[in-house]
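Thanks, everyone. Have the model up on your screens, and I'll walk you through a few spots.

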Amino acid sequence: MSSPAATAELYSPAERLEARSHRVAELVITSVAVAGVAVAGGRLGVVAGVALLACWLYLRAEVTFVVGAVLVAGVGGDPSTPGAVLAAVGLAGLLALELARAWDSARPVGAFLASLVVGVVAFVAAGEFVALRWVGGGAAAGLVGAVYGLTRVERRVAGHRGSGAEAAGAGQSEQEGAEQ
Amino acid sequence: MRVTRRFWVVLGFAGALVGVGLVAVDPLLAGAGLTLGLWLVAYQAWFVRTVGTVAAADLTVEPVRARVAVDAPVVVRLRARLESALPYALSVTVDLPPTVETPEPRPVVTLDAGDRSAETAFETRARVAGETTLGPAVASFRDAGGFFTGTVHGDETADLAVQPRAPRDLHVGEGGDPLTSLYGEHRTDATGAGLEPSGVREYVPGDQLSRIDWKATARLNHPHLREFDVRTTHETALVVDHRASTGAGRERETKLDYLREVALAFVNAADEHNDPIGVYTVGDEGTTTARDPAAGVEQYDPIRRVVERLTPTTAEPTATPVDGLVAPSRARAVATRLQGDPSAFARTLRPYFDASEQYVRRLGDRPLFRTVQAARAALGSGAWTVILTDDTRPRETREAARMATRNGGNVLVFLTPSVFYDPESVGEAAFERYLTFEEFRRSLAAVDRVSAFEVAPGDRLAAVVGREAGSRRHARSVAGTGQQRAAGDTGGQEPLAYSESPRPTVDEEATDE
């Protein structure tokens with residue numbers, strides 16, 4: 001096995017179908033999202049739901065999520081309607097399941113969902129008083145700040161052992177007797 | 001921490017959704033983008049949480065041996081141990097300096113998800129002599145989602161002392177037993193005129209009046225002489241054989257390399273005691289250096305340089321020249337003709353016929369013997385001749401040693417047994433070869449005023465002769481061989497390679513005289 005960090009893989013949005021066939025939980029949650037899209041969009045929503053299901057079969061979770069969000073918005077889904085809420089729950093559940101599968105643990109999923117609920121409540125509450133652009137911009141800035149903060153934390157944690165370029169000078173050879 | 005393409009793709013999706021949502025004032029798209037961003041942050045947070053486990057890991061690099069020779073294989077252990085298991089795979093490799101050969105494929109220890117320790121060993125070689133640092137170990141990892149990668153360098157490095165290939169574990173001895181000393185103070189165990197006071201004694205008729213110690217005489221009320229330790233100098237002639245056969249052995253561990261070490265020890269000892277020493281070197285076609293004994297720094301350093309720069313000469317090939325190449329004998333004949341030709345053509349060609357190896361004196365056959373003969377002429381009585389050669393020409397060596405004993409000369413012969421420089425020679429066959437050599441050495445040492453020693457790599461000697469049981473077996477075998485030889489002489493068995501009697505015969509003495 002080659003070094004994980006050294007492997008320069010090209011990103012592909014597609015994932016193999018046979019891997020999907022084992023994910024019953026994902027199928028269930030995707031079905032919720034498909035149903036939500038169908039409810040939100042009527043006949044057009046059914047077609048969009050089928051398209052979303054096809055995406056889930058062949059593409060990665062994040063791509064399925066983006067496609068699902070665009071489809072819900074495209075079929076004219078109002079965020080306050082049951083169909084849109086159902087689709088949102090299904091799509092967020094898809095991301096949560098991907099997180100659980102990757103880390104093989106419920107704790108990151110719990111943290112993610114808890115943060116999401118808090119975020120949605122805060123988003124909705126703030127939306128009552130502040131324009132969407134400010135609420136959205138503020139939330140985005142908060143996420144960027146979190147990414148930066150976690151990067152600093154990672155450097156501090158790994159720093160005492162020297163990570164990446166900080167330890168690039170290691171492994172040098174001192175050739176005192178080279179001319180012997 | 002580095003991010004992968006997947007991270008950027010997801011970040012792009014999130015940014016696009018948020019951007020479009022804000023522009024279109026669509027809270028659904030904006031919320032979807034923020035959700036995707038939060039998902040990314042969750043991955044990052046869990047990745048950062050596990051980095052601490054990797055940072056606390058025990059990553060060690062450990063060579064099995066701390067000292068190796070250049071190009072000698074050394075096994076290195078690479079070990080990784082985690083305090084707790086990780087949900088993703090961890091690869092640990094090692095930083096090797098450019099002077100150390102990197103094995104292909106590169107040594108990697110992989111801890112799969114859930115593993116806590118793993119270890120591997122790989123073989124490498126150092127190409128350059130010196131102090132080399134192996135490591136540290138480098139752990140590389142990628143989070144379970146494939147968004148982030150990280151690299152952590154271990155704390156521990158391992159020092160590897162890479163020694164140049166040179167004679168090592170030098171053994172000088174007799175019959176497998178090492179000598180305790182080679183050279184020392186030159187006490188004569190006699191008193192007389194000298195520098196070091198030894199004591200006083202009463203004057204007896206016949207003593208020189210000038211030797212009377214007047215202070216002692218006045219103190220003791222009777223004529224007394226002060227005695228001094230009589231010390232002498234060792235006049236030594238080193239005769240170093242560097243013919244083609246002394247090139248046997250591994251690179252920088254040839255017979256000549258070992259003989260060189262012994263020769264340099266004599267030069268150093270002479271330097272320490274300010275003894276006169278000379279050097280004569282013997283190539284395949286004659287004497288390559290002749291420097292008569294003398295004392296002083298102007299003598300020792302040039303001799304050291306001569307000895308250090310000795311390389312095995314080339315034996316004259318006997319094969320028929322092919323493809324237009326000219327045999328050395330033919331070239332010499334042409335060169336001789338050119339010497340007497342004053343034409344411009346001859347002058348132009350002459351340099352091309354000069355031999356690359358410079359000889360002081362070209363000797364047709366037995367160059368060692370003839371060199372010793374010439375050296376002996378320059379030595380005083382009682383001088384020491386140190387002959388350093390191998391065992392490929394026993395008859396010539398014996399003749400040379402006996403020649404050196406003339407005029408009261410003492411001789412030390414240092415022989416490199418071929419069996420110890422032939423890596424193919426192992427087991428019983430090697431031991432038999434050693435016995436044959438030992439018989440020759442003992443026969444040489446039996447000559448009056450001649451001491452003969454073996455010079456060999458200690459590890460090879462131990463491997464062939466054996467350290468403990470081998471030495472007893474050796475003693476028995478040597479004794480048995482002697483009896484066998486004696487029986488063989490009367491029983492008509494095949495003579496050995498060194499088919500000479502242990503002691504010189506009357507005929508040999510007469511021949512030498």
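**Chain B: a strand, an interface, a loop**

Let's start with a pairing in chain B. Nine bridges join β4(B) to strand β7 of chain B, residues 117-125, and the two run antiparallel. Keep in mind that this is a predicted model. R81(B) has its bridge partner in β7(B) at S117(B).

Now β2 of chain B, residues 58-63. Six bridges join β2 to β4(B), again antiparallel. Here L59(B) has A80(B) as its bridge partner in β4(B).

What about the faces of β4(B), residues 73-81? V74(B), V76(B), L78(B) and A80(B) make up the covered face. The uncovered face holds P73(B), V75(B), R77(B), R79(B) and R81(B).

On to the interface. In chain B, 74 residues are in contact with 64 residues of chain A. Together the chains bury about 5,700 Å², with 70% of that on carbon and sulfur atoms. L28(B), W39(B) and W46(B) supply 12% of the area that chain B buries against chain A, more than any other three residues.

How many salt bridges are there between chain B and chain A? Two. E62(A) forms a salt bridge with R6(B), with the closest N and O atoms 2.8 Å apart. The largest share of chain B's side of the contact comes from α2(B), with 24 residues. That side divides into 42 nonpolar, 20 polar and 12 charged residues.

Last stop, A378(B). This residue is in the loop between α8 and β23 of chain B. A378(B) counts as partly exposed because its relative accessibility is 32%. A378(B) touches E235(B), Y280(B) and D292(B), leaving aside residues up to four places away in sequence. The C-alpha atoms of A378(B) and P293(B) are separated by 7.8 Å, though the two lie 85 residues apart along the chain.

Definitions and conventions: Residues are numbered from 1 along each chain as its sequence is written. Chains are lettered from A and ligands numbered from 1 in the order in which they are written. This is a predicted model: local features need pLDDT of at least 70, side-chain atom pairs count only at pLDDT 80 or more; totals for chains, interfaces and linings use all residues. Side-chain values use heavy atoms; hydrogens and water are left out. Buried means under 20% relative accessible area, exposed over 50%, partly exposed in between (1.4 Å probe, protein chains only). Helices (H or I, at least four residues) and strands (E, at least two) are DSSP runs, numbered from the N terminus. Two strands pair if DSSP finds at least two bridges between them. Contact means heavy atoms within 4.5 Å. Buried area is the accessible area (1.4 Å probe) that two parts lose on being put together, summed over both. A salt bridge is a side-chain nitrogen of Lys or Arg within 4 Å of a carboxyl oxygen of Asp or Glu. Ala, Val, Leu, Ile, Met, Phe, Trp, Tyr, Cys and Pro count as nonpolar, Asp, Glu, Lys and Arg as charged, and the others, Gly among them, as polar.
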